[in-house]
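Subject: Structure handover

Hello,

Here is the structure I promised you. Please open it first, then read my notes beside it.

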Amino acid sequence: MAGDCSIRAMWILNNLRAVVFSRRFPVVEKRWRAACKNENDSSGNDPVKDTVFSSLPSDSELAAAFSERRTREGSVRGFGIRVPQSKEGSDSWVDDPITRHIVGFYINSEEEGENNLLWPLALHIKGPYCILILPSVEPKHVKAYARLCKRSDCGNAVMGDENLSSLLLDLPSITGAFMVAYAIGDIVTGDVAEPEVVVSQSPSVGGLLDSLTGSIGISGISRAKPIAAPVASSAPSGAAAIGTLAPDVPKSGSRLLDKDALRSFISSAMPFGTPLDLSYSNIFSIKANGFSSLDIPPQDLKQPAWKPYLYKGKQRLLFSIHETLHAAMYDRDEIPDSLSVSGQINCRAELEGLPDVSFPLTGVSRSKIEVLSFHPCSQVPEQNVDKQALMFSPPLGNFVLMRYQATCSLGPPVKGFYQLSMVSEDEGAFLFKLHLMEGYKSPLTMEFCNVTMPFPRRRILSLDGTPSTGTVSNTEHSVEWKIITSGRGLSGKSIEATFPGSVRFAPWQTQRSTFFMSALEGTTDDDSDNEKENTNNMANTEEFLMEKMNKDLPPVDLEEPFSWLAYNYAKVSFKIVGASLSGISINPKSVSIYPTVKAPVELSSQVTSGDYILWNTLGKCPSAVNARV
């Protein structure tokens with residue numbers, strides 16, 4: 001039962017801790033009850049025999065257990081490590097950070113009494129929803145976790161017969177549960193658009209853009225299966241981006257929980273509780289088009305679930321490397337700057353039949369990959385420090401072939417300092433001195449670069465100052481400096497940009513300050529009798545404030561949390577094309593397709609800014625100390 005992935009049940013709770021959707025799978029539950037009976041018959045006088053919750057809780061019992069754990073653990077995810085507030089039997093007692101994502105509930109049931117453990121629950125938070133997926137595991141694994149929750153020592157470093165890491169390695173269904181949770185999260189928040197695959201605007205293969213005819217690269221795109229009503233762009237045809245392949249599934253924006261759409265997806269993607277294909281685009285295509293005799297593959301080919309239709313048409317293979325660069329720039333001797341890259345390789349394989357594609361990743365040795373994951377269609381036959389080979393049988397449409405986190409192989413594309421000093425209560429003087437693309441060479445090109453100074457709690461009356469390059473504008477609560485504008489990219493050289501100036505604010509409103517402090521008084525109480533509760537609150541200030549945003553405080557007061565407690569910063573946004581910053585790349589000439597076909601292979605790369613923060617060198621700033629190995 002632990003060797004495959006079957007889901008016993010799932011629950012979705014809102015930010016008021018109420019169950020808004022649930023689904024149980026009787027076929028899987030019947031197998032679980034039979035396994036529990038066999039385990040109990042053979043366990044004899046096992047001290048944890050009665051701790052396993054052998055049935056499924058009602059929605060109200062689950063919600064009560066969810067609230068009880070949140071109170072006990074201090075937050076929805078919990079502490080993750082053993083702290084003075086941890087209680088024996090709780091997740092944090094195990095002293096492993098993974099317990100912030102794989103959680104257990106104690107169910108108080110009228111039928112089975114109190115303190116019945118329901119584990120393992122994969123916890124995924126998306127938007128205002130908490131998604132809980134309960135995979136089917138062996139009862140012995142639940143008992144093993146119950147013993148870990150009562151062990152006197154803690155942590156995986158302690159030598160012993162049982163630890164959480166070895167227990168989870170024996171449960172591949174945990175991985176499947178998280179895949180289900182992420183798919184459900186995308187659907188309930190409307191985030192079901194396929195990943196973007198960009199086509200080079202000057203392709204080496206003649207006539208490539210001719211295939212993107214119609215409404216500027218949308219209606220004329222060849223599809224894996226003809227669709228009766230082609231998906232149209234939501235923007236006017238003239239606004240569509242040339243060279244961007246439209247996904248094969250309609251885009252959905254943020255919306256309320258659509259229970260009918262969710263039920264339809266679950267019944268198709270995981271019938272009887274067994275996940276088969278969690279691709280929303282595949283499920284959508286099957287429901288919209290059905291099957292015909294032309295869709296039946298040859299008898300000698302085994303068609304995977306992720307490719308319900310076979311492609312017919314002009315063949316090509318497209319890869320897009322999308323990276324996001326996060327940075328915290330301090331310009332201080334005592335605090336090192338921090339740079340990290342999170343990236344993914346998107347792919348679109350318009351190949352006939354059921355071919356296998358293989359290639360070696362280049363630049364792996366210098367990119368220092370920290371986290372790496374692959375699409376289920378992939379196999380990794382060779383993996384070492386200097387080489388990473390990859391083979392996959394591509395599904396339809398655009399898909400994420402792999403995700404990774406790595407270090408930045410180059411220096412920061414924007415570096416320098418930002419200073420802000422309040423010369424009076426209502427006036428501040430600031431100075432930027434930045435270097436852009438220093439050490440970057442062609443073909444790397446910065447398409448645009450903007451710097452924003454947010455002042456969410458102060459209203460700007462006037463702004464004085466002239467930058468050395470670019471233009472400046474301001475709103476009531478922010479100043480924006482456009483250093484490089486779209487259409488005037490920076491490539492093959494670096495520039496220095498400075499911007500001295502001053503900003504004058506409206507007189508300080510004491511009302512907001514009083515209101516804000518009253519909202520936080522629960523986390524700043526100095527009464528020694530409440531020391532334990534205050535420590536708990538301070539450890540979870542972020543979640544406490546999020547609750548206040550959803551219930552009490554106006555959203556404007558919580559838009560920029562970094563600006564609350566004297567933290568002030570500037571945020572940089574940019575886009576760089578031409579190569580990745582991690583060093584990871586694909587050589588199109590090294591890509592092999594079997595059976596061999598003549599299909600052009602194209603690669604594009606782009607890097608966008610994530611949280612790229614310039615902290616005020618004259619003010620307070622948060623930082624973390626790296627542990628020494």
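Start at isoleucine 266. Setting aside neighbours within four places in sequence, Ile266 is in contact with Met10, Phe21, Arg23, Phe25, Ile184 and Pro271. Keep in mind that this is a predicted model.

**The cores**

Ile266 belongs to the largest nonpolar core, which has 47 residues. Seven members touch the most other members: Met10, Trp119, Ile133, Tyr145, Ile184, Leu262 and Ile266. Which helix gives this core its largest share? Helix α5, residues 173–188, does, with nine residues. As background, nonpolar side chains tend to be buried together in soluble globular proteins.

Now find helix α6 (residues 259–269) and helix α7 (residues 280–289). They pack at an angle of about 90°, and their axes are 10 Å apart. Angles of 65 to 115 degrees count as roughly perpendicular, so α6 and α7 are roughly perpendicular to each other. From α6, the contact uses Ser264, Phe265, Ser268 and Ala269. From α7, it uses Tyr280, Ile283 and Lys287. By class, four of the contact residues are nonpolar, two are polar and one is charged.

Go back towards the start of the chain. Strand β1 (residues 7–13) pairs with strand β2 (residues 19–24). The pairing is antiparallel, over five bridges. Tryptophan 11 has serine 22 in β2 as its bridge partner.

β1 also pairs with β5. These two run antiparallel and are joined by six bridges. Alanine 9 stands opposite leucine 134 in β5.

How many residues of β5 (residues 129–135) are buried? Seven of its seven residues are, and the strand is mostly covered. Tyr129, Ile131, Ile133 and Pro135 point one way from β5. Cys130, Leu132 and Leu134 point the other way. Both sets are buried.

**A covered helix**

Look next at helix α3, residues 139–148. Eight of its 10 residues are buried, so α3 is largely enclosed by the rest of the structure. The buried ones are Pro139, His141, Val142, Lys143, Ala144, Tyr145, Ala146 and Leu148. Tyr145 is also one of the core residues that touch the most other members.

Proline 139 lies in this helix. Is Pro139 buried or exposed? Its relative accessibility is 3%, so Pro139 counts as buried. Proline 139 and valine 52 are 87 residues apart along the chain. Their C-alpha atoms are separated by 7.4 Å.

**Backbone details**

Check two peptide bonds. A cis bond joins tryptophan 119 and proline 120, with omega about 0°. Pro120 sits in strand β4 (residues 113–126). Another cis bond joins serine 442 and proline 443, with omega about 15°. Pro443 lies in a loop, between β16 (427–436) and β17 (445–454).

Then check two phi angles. Arginine 17 is not a glycine, yet its phi is positive, at about 65°. Where is Arg17 found? It is in the loop between β1 and β2. That hairpin has five residues between the strands. Arg17 has 25% relative accessibility, so it counts as partly exposed.

Aspartate 331 is not a glycine either, and its phi is positive, at about 55°. Asp331 is found in the loop between β8 (316–329) and β9 (338–350). It is partly exposed, with a relative accessible area of 42%.

**A buried loop residue**

Last stop: serine 393. It lies in the loop between β13 (388–392) and β14 (398–406). Which residues does Ser393 touch, not counting those up to four places away in sequence? They are Pro304, Trp306, Pro355, Asp356 and Cys377. Buried means under 20% relative accessible area. Ser393 has 15%, so it is buried.

Best wishes

Notes: Residues numbered from 1 in each chain as written. Predicted model: local features only at pLDDT ≥ 70, side-chain atom pairs only at ≥ 80, totals over all residues. Heavy atoms only, no water. Core = buried A, V, L, I, M, F, W, Y, C linked by side-chain atoms within 4.5 Å. Buried < 20%, exposed > 50% of the residue type's maximum accessible area, 1.4 Å probe, protein only. Helix = DSSP H or I, 4+ residues; strand = E, 2+ residues; numbered from the N terminus. Contact = heavy atoms within 4.5 Å. Axes fitted to C-alpha atoms, helices over the stretch in contact; angles between N-to-C directions. Parallel < 35°, antiparallel > 145°, perpendicular 65-115°, else oblique. Nonpolar A, V, L, I, M, F, W, Y, C, P; charged D, E, K, R; others polar. Pairing = 2+ DSSP bridges.
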